[in-house]
Amino acid sequence: MRSVVRVSQRVQETPSTVTLRFPFDAKAAPGQFVMLWIPGDDELPMSLSYTEGDSKGVTVKAMGDTSRRIQSVRVGDPVGIRGPYGTRFDVAARNILIVGGGSGAAVLAPAADRARAGRASVTVALGATTRHELLFADRFRAMGARVEVATDDGSEGERGFVTGVASRLLGAGAFDAVWTCGPEVMMRKVIDAAAVRRVPVACAVERHMKCALGMCDACALGPFHVCTDGPVFDAGRLVDVPDFGRYHRDPSGRRVPF
Amino acid sequence: MADLTVRLAGLTLRNPFVLASGIWGESGESLAGAWHAGAGAVVTKSIGSLARSGFPNPTVETYGRWGMLNAMGLPNPGIEEYPREIEVARRAGAPVIGSVFGGDAEEFARLAARIGSTGVVAIELNLSCPHAEGFGTEVGSEPRDVEAIVRAVVREVRIPVIAKITPNTSDPEALAAAAERGGAAAVSAINTVRGLAIDVRLRRPVLAHGLGGLSGPAIKPVGLACVWQAFGKVGIPLIGIGGIASAEDALEYVMAGARAVEVGTAVAVEGIGVFGRLARDLSGLLDELGIARLEDAVGIAHGAPAPPVGGASSDALLTRSP
C-alpha cells in the first residue's frame, strides 16, 4: 500500500546530493528501500538513509533527469511512498569495515547508526570525486566511527580510489564484516580484497526497478531480483553472477555494460 | 499420486502451471528460475520489433492479496536482442513459449517467424494488453482482426500458435472462435482486466499511464467465465489465466475447460516457490477428489451431476473429455 506524505525537511548534503525527510512510520531496517513517487514525474527505488523513528529519509544524488527532479522537491511537497522493501544489513557483527563510494554512503550510514547503537566498532572508508562530495563524513564521525577518506583529486585524504584505503584497513584490522555500497566495479574490488582476509562482505546493489515486488523482472541480476533478493546481498552469492559489476539492464530490459 | 501431465497443442507439459507472460520474463536466468522452481513451461515477456522502455513509473498499484493493477507499457529489448534470453532459458531445459506483440498482422507474422526460429516450443500472441496504444487490445478486440493476425502467423511458423485474448470486450468467446478459425492451436484467456486507481489526496491517477490492467484473485471469476464460455464454443485447447493462487483455483479453471493455466500475480505475492507448491497441492487435491489424471477433469463442470461431497467419486462422473 502507498502513503502520500509531505516532505518535512530538505538538506543539501553536498553540491550534488540532497536528503529529503518525510513522516513515514513503517518499520524499516538499514539496507531497505522505498519506492519514492514524485507525482506527475516518476517513481524511483531509493535506499533509506534514515531508517529510525517516524521520520525517514532518502538521499539523492543528481544523476539522471529524474534524480535531478527529485532534488527539486521542496519542503511541503507531497510525495508517494511504498515499501519499505528488500533485504537488510545484518547488524550482528562487532567490528565492521564500511566502504562507501559516492552516494553509496546513503544506505551505509543508517546501518552504521544501528551498529554503533549496538556498540559495535565501525571503521569507514569513504570515497568521492572531491572533498566537497564526501557524503555523511560528519555523520559517521559523530556516531563515533573512525573515518578514512579517499578523493579522486586528492583534495582530502588519500588521492585515488577508496578501494586502496579499504585494502589497507583490511590488512591492518581484524574485521568480522565488510559492508559496501558504490559502483559495482568498486564493490567487486572490495570483495576481492576482503576474500584474501576471509572477511564476509555484504553489498548493496542498485538496478533499474519498476514493480519492486519481484514480478516484472526489470531488476533481474543473474538468478536474483534486486528488489526482493536484495538490495543487500552476501557477496558470496554475487561473485559468480557474470553480470555483477559488468552489466545492468536498461528500462527495456536490454543488457548494457557498465 | 495423481498424474499432472498435460498434453496441449502437441506439447506435453509436466504439470499445468505455466509462467504467465510479463512475469520473470525479461531475463533468461529468471525464466530458467521459474522452470527450476517447478513451472510446467514458461512464457516470455511480450517481445516487439524494437526496444521499448515502457511507461514511466508508477507502473503498479497493489491491493494486498486481491491483486494488482499494472501498466508496464510492454517494455522489452526488441526481437533482435531477446533471443539471447531465450537461449539461456532453453539451455536450462525450460520449454519456452515465445510471446510477441505487434500493431498488425504483418508485424505479428514477422515477429513470430523470428521468435519461432529460436527454439521456442510455441508462440503466444499478445492480442490483449489493455494499456498500450496501437497494440494488444487495440488490435485484438475485433474477431476479424484476431482471425487475420492468427492466420498470418500460422502461415509463417511450424510450431503451435496460442492466441491470448482480452476480457475487455462484450464477447470474449467470439475472439476465441476467431482464433480457432485463423488456425490457432490453443487460446489463452484472459489477459488483465482494464482498470484505474486514483489517489484522492493527489487528485490524479496512480499509474503514470492512467489506465492499467487488473490481475490477481480479484479477476478469477472473470477469467473462469471466459474459459467456461469459450469451452462451449471452440474445439481447440484452452489455457486459463487470471487469479490462480491455489490448487483449487487451478482446478476450477480445468473443470471450466482449461487444459493448463498460467500463473503471474501469485509470484509477486508468494515468490517463485509458488510453482512447486501449486503442483504438490494440486496432486494432493486430485487424490483427495479421486481424480487420477488432471486431464480427466478438463471441462467436467459442464453438465456434470453434483459429485458426492468430500469423497472419492465414481469414474462415471469423470469421463467426459473435451
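What residue follows helix α1(B), and is its phi positive or negative?

Reply: The residue is Gly38(B), and its phi is positive, near 120 degrees. Some ground rules come before the rest. This is a predicted model, so local features need pLDDT of at least 70 and side-chain atom pairs count only at pLDDT 80 or more, while totals for chains, interfaces and linings use all residues. Residues are numbered from 1 along each chain as its sequence is written, while chains are lettered from A and ligands numbered from 1 in the order in which they are written.

Now the helix itself. Helices (H or I, at least four residues) and strands (E, at least two) are DSSP runs, numbered from the N terminus. A residue is buried if 20 or more other C-beta atoms lie within 10 Å of its own, exposed if 12 or fewer, and partly exposed in between, with C-beta atoms placed from the backbone. The buried residues are Gly28(B), Glu29(B), Ser30(B), Leu31(B), Ala32(B), Gly33(B), Ala34(B) and Trp35(B).

What covers them? Chain A takes part: the cover includes its strand β14. From chain B, it includes β3 (17-19), β4 (41-43), α2 (83-91), β7 (96-100) and α10 (274-289).

That cover leads to the meeting of the two chains. 24 residues of chain A are in contact with 31 residues of chain B. Two residues are in contact if their C-beta atoms, placed from the backbone, lie within 7 Å. On the chain A side, strand β5 (residues 42-50) gives the most, with 3 residues. By class, that side has 14 nonpolar, 4 polar and 6 charged residues. Here Ala, Val, Leu, Ile, Met, Phe, Trp, Tyr, Cys and Pro count as nonpolar, Asp, Glu, Lys and Arg as charged, and the others, Gly among them, as polar.

The covering strand β14 of chain A runs over 220-221. The loop between β13 (201-204) and β14 holds Ala212(A). Phi of Ala212(A) is near 65 degrees, positive although the residue is not glycine. Ala212(A) counts as buried because it has 29 C-beta neighbours inside 10 Å. Asp217(A) sits in the loop between β13 and β14 too. Its phi is near 80 degrees, again positive in a residue other than glycine. With 25 C-beta neighbours inside 10 Å, Asp217(A) counts as buried.

Chain B has 10 helices and 16 strands. Its radius of gyration is 19 Å, close to the 20 Å that the globule rule gives for 322 residues, so chain B is as compact as a globular protein of that length. The radius is taken over C-alpha atoms, and the rule is 2.2 Å times the number of residues to the power 0.38. Of the 322 residues, 60% count as buried. Among contacts in chain B between residues at least 6 apart in sequence, 70% join residues at least 24 apart.

α5 (residues 143-156) has 14 residues and should span 20 Å at 1.5 Å a residue; its end C-alpha atoms are 20 Å apart, which agrees. The expected span is 1.5 Å times one less than the number of residues. Buried residues of α5(B) include Val146(B), Ile149(B), Val150(B) and Val153(B). The buried residues of α5(B) pack against α3 (105-116), β8 (122-126), α4 (137-140), β9 (161-165) and α6 (172-182) of chain B. Val153(B) is also one of the residues in contact with Ile123(B), leaving aside neighbours of Ile123(B) within four places in sequence.

The largest nonpolar core has 204 residues, and Val42(B), Ile123(B), Ile162(B) and Val187(B) touch the most other members. Helix α2 (residues 105-117) of chain A supplies the largest share of this core, 8 residues. A nonpolar core is a set of buried Ala, Val, Leu, Ile, Met, Phe, Trp, Tyr and Cys residues joined through C-beta atoms within 7 Å.

Ile190(B) lies in the loop between β10 (186-189) and β11 (193-195).
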